[in-house]
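Subject: Handing over the structure, with notes

Dear colleague,

Please find the structure below, and keep it open while you read the notes that follow it.

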Amino acid sequence: MTNKKTDVLVIGGGPAGTTFATFMQRNGTNVTLLEKEHHPRFHIGESLLPMNLPILERLGVLDKIRSIGVPKLGADFTIGNSGAAERIFYFRDALGASPPHAFEVRRSEFDRVLFDNSRQSGVTAIEGMKVTRVVPLADGKHEVNAIDEQGEEHRWVTRYLVDASGRDTFLSRANGWRIGNSKHASAAVFGHFRGVTRRPGDDQGNISLYWFEHGWIWMIPLRDDIMSIGAVCRPEFLRTRTGTLDEFLLEILESLSETAERMKSATTEMPAQATGNYSYFSDRMSGPGYLMAGDAFAFIDPVFSSGVYLAMNGAERGVEVAEAWFSGSRWNYALARYRFEKDTRRGIATFSWFIYRFTSPAMSYLMSDPRNALQVVQAVISMLAGDVYSNRSVRQRLLVFKTIYNVSLMLNWREWLADRRLRLASVRAASEANG
Ligand SMILES: Cc1cc2nc3c(=O)[nH]c(=O)nc-3n(C[C@H](O)[C@H](O)[C@H](O)COP(=O)(O)OP(=O)(O)OC[C@H]3O[C@@H](n4cnc5c(N)ncnc54)[C@H](O)[C@@H]3O)c2cc1C
């Protein structure tokens with residue numbers, strides 16, 4: 001057993017953990033970052049948002065990400081088997097100052113760039129080191145136990161702890177703080193394919209989304225003619241599978257004329273994987289001597305590609321909280337925590353409103369053929385770009401969009417009721433399946 005001390009210890013070397021570690025170390029604090037795997041490693045979450053770009057620039061890695069990414073100018077939405085053309089939302093039409101594009105990336109490459117950048121910034125970044133136990137000590141310090149790949153145990157005493165362990169939700173699980181989302185349940189099956197037809201010209205990097213009977217499908221174009229494809233559905237639909245995951249995913253893609261057409265010359269590049277119901281929150285986000293960032297706190301749904309951005313944004317904001325802790329003023333710390341938690345919840349809530357309604361008939365109709373009263377389309381694009389924190393005009397226009405949606409619901413209340421019943425039944429079934 002080795003014993004070490006550190007000012008800050010971060011669990012998890014994904015986007016949240018590396019972002020926090022790099023900024024904190026650059027501010028002159030000694031940071032240790034522990035990652036259980038080795039980069040490069042596969043991870044889902046390949047479509048970024050424009051608002052990621054300023055963070056990547058502040059981290060100093062924007063050029064590297066540009067060299068590994070596919071430019072993404074927008075997102076297109078299609079109601080499957082409807083015969084209607086896709087509706088394209090271009091980021092350049094957003095309100096405010098969000099960048100006019102984002103990138104699609106292989107997460108193995110993206111996360112490696114972020115991890116190497118942490119190390120180059122002076123972070124003690126260790127791979128193959130799995131955190132196994134955290135024990136709170138006096139004065140907000142924590143004892144962190146970890147095990148390396150040779151089975152040797154390691155122990156750190158840290159003055160501040162950041163849980164960025166992603167959907168492993170280390171602190172939440174260990175303390176019984178993890179709560180399944182009572183409003184939403186979904187599961188996903190996904191894989192990589194080669195030779196899938198891309199959108200023409202400058203649109204070739206856009207993400208495509210298709211509604212189908214049991215959920216929605218994504219197509220994310222990556223470099224070297226690879227397309228990441230996934231189907232997000234109610235967990236009980238995933239349980240109806242009788243064949244392999246690859247067969248199940250291909251059956252879904254074949255069931256829509258629009259996706260079947262794009263798959264005509266496709267070959268499988270990576271066996272399909274599945275993830276069960278993943279929508280949850282933690283009861284706590286921060287406390288004496290610790291905070292959580294990214295998926296370690298909450299994850300709702302991938303539909304608007306918000307996960308990586310929310311994780312990195314939260315991690316950057318979290319640096320102020322840790323600094324307030326080191327200032328020694330309880331008042332500063334309480335205030336910083338309050339701001340951090342409020343902003344984090346606001347970002348999640350803005351996306352959640354759309355996520356919970358995404359598969360409803362009213363939403364598919366509005367997103368595929370929206371009325372542009374009072375620039376609501378531009379506000380929706382700003383939301384798609386990730387501009388959900390401080391832009392007041394975006395927030396006001398999103399309210400108008402919500403009003404239009406609610407009116408449309410009243411006019412089609414039977415469909416709404418049926419969709420709501422299905423969604424809540426799905427949440428109940430998922431929580432029963434999880435015990
Ligand atoms: C089906 C699906 C599709 C998605 N698509 C998108 C998308 O297109 N765009 C998008 O932005 N987001 C997407 N997401 C969400 C995205 O994957 C996450 O929001 C994002 O990766 C969160 O980053 P993070 O740093 O919080 O966690 P992670 O990226 O999960 O990183 C956590 C890290 O912690 C490490 N770790 C865990 N436990 C320990 C431990 N005990 N000790 C040491 N290390 C540990 C893990 O190995 C991992 O490297 C998707 C999610 C799903 C489920």
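How many of the 10 residues of helix H12 (residues 376-385) are buried? Nine of them are, so to speak, under cover, and H12 is mostly covered; a residue counts as buried if 20 or more other C-beta atoms lie within 10 Å of its own, as exposed if there are 12 or fewer, and as partly exposed in between, with the C-beta atoms placed from the backbone.

Before going further, please note that this is a predicted model, in which local features need pLDDT of at least 70 and side-chain atom pairs count only at pLDDT 80 or more, whereas totals for chains, interfaces and linings use all residues. Residues are numbered from 1 along each chain as its sequence is written. Helices (H or I, at least four residues) and strands (E, at least two) are DSSP runs, numbered from the N terminus.

**Helix H12**

The buried residues of H12 are Val376, Val377, Ala379, Val380, Ile381, Ser382, Met383, Leu384 and Ala385. What covers them includes strand S4 (74-79), strand S5 (87-90), helix H10 (330-357) and helix H13 (392-411), where contact means that the C-beta atoms of two residues, placed from the backbone, lie within 7 Å. Just after H12, Gly386 takes a positive phi of about 95°.

**The sheet**

S4 and S5 also belong to an open sheet of seven strands, which run in the order S5-S4-S13-S14-S15-S12-S16 with mixed pairing; two strands pair if DSSP finds at least two bridges between them. S5 and strand S16 (267-275) stand at the edges with a single partner strand each, so one side of each has no neighbour in the sheet. On average, and with direction ignored, neighbouring strands of this sheet are turned by 15° against each other; axes here are lines fitted to C-alpha atoms, for helices over the stretch in contact, and angles run from 0 to 180 degrees between N-to-C directions.

S4 and S5 pair in the antiparallel sense over four bridges, and Gly74 stands opposite Tyr90 in S5. Helix H7 (residues 245-254) packs on the sheet, where it touches S12, strand S13 (207-212), strand S14 (215-222), strand S15 (226-233) and S16, and its direction makes about 100° with that of S16.

Within this sheet, S14 is largely enclosed by the rest of the structure, because eight of its eight residues are buried. On one pairing, S13 and S14 are antiparallel over five bridges, with Phe212 opposite Gly215 in S14, and a hairpin joins S13 to S14 through two residues. S14 and S15 are likewise antiparallel, over eight bridges, and Pro221 stands opposite Met227 in S15.

**Backbone details**

Most residues other than glycine have a negative phi, and most peptide bonds are trans. Asp224, in the loop between S14 and S15, has a positive phi of about 60° although it is not a glycine. Is Asp224 buried or exposed? Asp224 counts as exposed, because it has 8 C-beta neighbours inside 10 Å. Ser305, which lies in the loop between strand S20 (298-299) and helix H9, has a positive phi of about 55° and is not a glycine either, but Ser305 is buried, with 24 other C-beta atoms within 10 Å. A cis peptide bond, with omega about 0°, joins His39 and Pro40, and Pro40 is in the loop between strand S2 and helix H2 (52-59).

**Around the ligand**

The shell around the ligand has 40 residues, of which Gly14, Gly45, Gly166, Gly294 and Gly307 come nearest; a residue is near a molecule if its C-beta atom, placed from the backbone, lies within 6 Å of it. Helix H1 (15-26), strand S2 (31-35), strand S8 (129-136), strand S12 (187-194) and helix H9 (307-327) each supply at least two residues of this shell, and the largest share, four residues, comes from H9.

H1 and H9 also pack against each other, at an angle of about 35° with their axes 8 Å apart. Among the residues that meet there are Pro15, Phe20 and Met24 in H1, and Val308, Met312 and Val319 in H9.

With best wishes
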